[in-house]
Amino acid sequence: MDLDMEPSDGRSEALSALREAVRSDSDIKFVITLGSQITGGATMASDLDIAVKFADSLSARDRFEK
């Protein structure tokens, strides 16, 4: 999913913060956003589901701490 898309329910601040974090961290190779926040079925109780691909050279501990 493209991080430049607008969320369906107007919660663009969360995606903007995510976008900035991804762009400023060279250990993050890409991020995929999933779920109802992206597909348009979000409710007030919905969270933002993300999958993060870190650099292969990053240790498991460093990945956890990020």
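1. Accessible surface. In this predicted model, the chain has an accessible surface of about 4,600 Å². Carbon and sulfur atoms contribute 53% of that surface. Of the 66 residues in the chain, 24% are buried.

2. Secondary structure. The chain holds 3 helices and 2 strands. Read from the N terminus, these elements follow the order α-β-α-β-α. Among contacts with a separation of 6 or more, 47% join residues 24 or more positions apart.

3. Nonpolar core. Which residues make up the largest nonpolar core? This core consists of 8 residues: Leu15, Leu18, Val22, Ile28, Val31, Ile38, Phe54 and Leu58. At least two of its residues come from helix 1 (12–24), and at least two from strand 1 (28–34). Helix 1 is the element that gives the most, supplying 3 residues. As a general matter, nonpolar side chains tend to be buried together in soluble globular proteins.

4. Nonpolar surface patch. A nonpolar patch on the surface is formed by Phe30, Ile32 and Leu34. Together, these residues present about 250 Å² of accessible area.

Conventions:
Residues are numbered from 1 along each chain as its sequence is written. This is a predicted model: local features need pLDDT of at least 70, side-chain atom pairs count only at pLDDT 80 or more; totals for chains, interfaces and linings use all residues. Side-chain values use heavy atoms; hydrogens and water are left out. Helices (H or I, at least four residues) and strands (E, at least two) are DSSP runs, numbered from the N terminus. Buried means under 20% relative accessible area, exposed over 50%, partly exposed in between (1.4 Å probe, protein chains only). Contact means heavy atoms within 4.5 Å. Accessible areas come from the Shrake-Rupley method with a 1.4 Å probe; for residues, only the protein chains shown count as cover. A nonpolar core is a set of buried Ala, Val, Leu, Ile, Met, Phe, Trp, Tyr and Cys residues joined through side-chain atoms within 4.5 Å. Patches are made of residues with over 30% relative accessible area and no salt bridge: like charges are joined within 9 Å, nonpolar side chains (Val, Leu, Ile, Met, Phe, Trp, Tyr) within 5 Å. A salt bridge is a side-chain nitrogen of Lys or Arg within 4 Å of a carboxyl oxygen of Asp or Glu.
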